[in-house]
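Dear colleague,

I am passing on the structure we talked about, and below it you will find my notes on what turned up when I went through it.

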Amino acid sequence: MSDFYYLEPAVRTDLEKKFSPSLRKAAIKSRVLVTASMLRDFLASCKEGNVIIGPYSRFFQGEDGRHCVPVYSLDSLLRENERWIVSNIMPPKRLRDSNGGVPNTSWKMLWPSSSKLFTPTAYPPPWPFEPFLKDDWHPQEKFSNFFHTPTLQQYIPRHLLPKTLVVHDPWGLLCATNARGERVCEWVEKDDVVHIYKLHPNTHPDARARYNEDLEEFEAQLNEEKVKIDAFLANPHSHTPLPDGMLYKPLQATRDVCGPAKPPVYIVFPPKPPQPVAEVAHLYLSKGSTLGAGNHSFVYSAEFEIPRSLVVDELLCKECVMNDVKHILEEQDGKHGETRNAKWNDLCGRYVLKVRGNPARMRRFGEQEYEISSDTHETKIEYVGPYRAIQTKVEYQNLERAPYCEHLCKDNVHPLTVKTRVAAKLSLKHDPQLANEAKNYQLFPKHFFEHHNGFTVIEPFKNPIPTGAIVPQFYGHYQIDRANSPESVDALYYSPILLVEECGESVDPHKLNADDL
Ligand SMILES: [Zn+2]
């Protein structure tokens, strides 16, 4: 357990006395904020923050600042899924036949040339899979087998949400009536029916405020790494924060290396490129994946196929980087070091032994004392001194722009899109509930959608609870675009669609206890 701090009533009273009248009101409000990181952030933001924190600094020692905690890495999950498919599913027979009857085991050779998302040639076989394949196929022969569509559990700022949604609705569920469509059957037995939806305009002034904040945060993150790189290149030294990069031929970290040393070469990576804005996504609806039906709406577990680059990071090839830096060093130093600047041979730095880490942290709750984090002390060999900084010219790679280099193409076979699972809410005709719900999501502050580290105690309850998201972490509000939707009939009602994270459980009033009520 980390970042936990139970605010004793005596301490709380003492803190409140120290607040100025203007802050006392806020302090009383802050009774629900009792994790160390949240309290520290709150106090630091107060005018007298530093004065107040002083006597209580021991409570905050070793605590992380308040930060968002992702549920899982969608990036890793999707990559693992792709690897599993490549290593467990043989390419289709017709492709083997087209290779002169010889089984074609090289996935690299099957990679198509198209880089246009969602076009059939942009999918290396056996992609694309039919929608809702998971429902029909459960490979059981290996424990490690998995083939599933992960739930989208992360906040996507509005400016990155796909502007156009191509909705596949063979059962006619978008009309949102109780006589919804025909019998449940496999997807492939139905004729696909496609409608075009567009992202709902974001007109409320308060919603614009969060849109602007998200955009500013997005741009600030991009700028942050660039500033770090510039600062390091201006003063490449161990006391300057290291930007993203790696050592060229790092020394083996043994005690023998301790002592004076020449400046090691630190390769500075380029800043990570921003996520490209997603223009189009596809949504697949199936009557067989109904989650619930209420007085206002119908909810389906839907497949949301989005550009891969929206949720999966681009790759930087380490082999290309090493080759590039080798070439740069040869240019600067000569092939045998004949033009190498003498300053790179100076023993102006040194490797030293350092002890890093924190002691165990103990907290007393009532009569018992608990270790809430263990001793993390460890000895490390660290370099102190100037670096020889080399900025690589190698760029991050994205298949939407160009094929992977020879080192990455074999192990990175995948389509340009990924499928995720979301809940799709559709509302009855004339029912304003879905529009109101979407409006509320737009007005909520961003932290409502996020899980944070630490725990909270909300009075009058006594037990700490994790500071989790209050509303679904993801949402997107779409409406029919009749002008561009050839299969949509003017006379028919097509429900707006609210996409949200598929989370939570239906409330069963009979199972609620006194605390729940
Ligand atoms: Zn490469």
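I begin with Phe444, which has a relative accessible area of 23% and so counts as partly exposed; please keep in mind throughout that this is a predicted model. Phe444 belongs to a cluster in which ring pairs link it with Tyr155, Tyr441, Phe448, Phe449 and Tyr475.

The search of the whole structure gave 16 aromatic pairs. One of them joins Tyr441 and Tyr475 in a tilted arrangement, 5.4 Å centre to centre and with 35° between the planes. That pair links distant parts of the chain, since Tyr441 sits in helix α9 (residues 433–443) and Tyr475 in strand β17 (residues 475–480), 34 residues apart. Both Tyr441 and Tyr475 are buried. Phe444 and Phe448 also form a tilted pair, at 5.1 Å centre to centre and 35° between the planes.

Turning to the metal, the zinc ion has Cys317 (SG), Cys320 (SG), Cys405 (SG) and His407 (ND1) as its protein donors, at 2.1 to 2.3 Å. The arrangement is tetrahedral because the four donor atoms subtend angles of 102 to 116° around the zinc ion. Along the chain these donors follow the spacing C-x2-C-x84-C-x1-H. Cys320 lies in helix α8 (residues 318–333) and His407 in the loop between β13 (388–391) and β14 (417–427), so this pair ties together parts that are 87 residues apart in sequence. His407 has 24% relative accessibility and therefore counts as partly exposed.

Finally, the structure contains zero disulfides, and Arg208 lies over the face of Tyr211, at 4.4 Å from the ring centre.

Terms used. Residues are numbered from 1 along each chain as its sequence is written. This is a predicted model: local features need pLDDT of at least 70, side-chain atom pairs count only at pLDDT 80 or more; totals for chains, interfaces and linings use all residues. Side-chain values use heavy atoms; hydrogens and water are left out. Donors are N, O and S atoms within 2.8 Å of the metal (3.2 Å for Na, K and Ca); water is not among the atoms, so sites may look incomplete. Four donors count as tetrahedral if all angles lie between 85 and 135 degrees; four count as square planar and six as octahedral if opposite donors are over 155 degrees apart and all others between 65 and 115; anything else is irregular. Helices (H or I, at least four residues) and strands (E, at least two) are DSSP runs, numbered from the N terminus. Buried means under 20% relative accessible area, exposed over 50%, partly exposed in between (1.4 Å probe, protein chains only). A disulfide is a pair of cysteine sulfur atoms within 2.5 Å. Rings of Phe, Tyr and Trp (its six-membered ring) pair if their centres lie within 6.5 Å; planes under 30 degrees apart count as stacked, over 60 as edge-to-face and the rest as tilted. A charge sits over a ring if NZ of Lys or CZ of Arg is within 6 Å of the ring centre and within 35 degrees of the ring normal.
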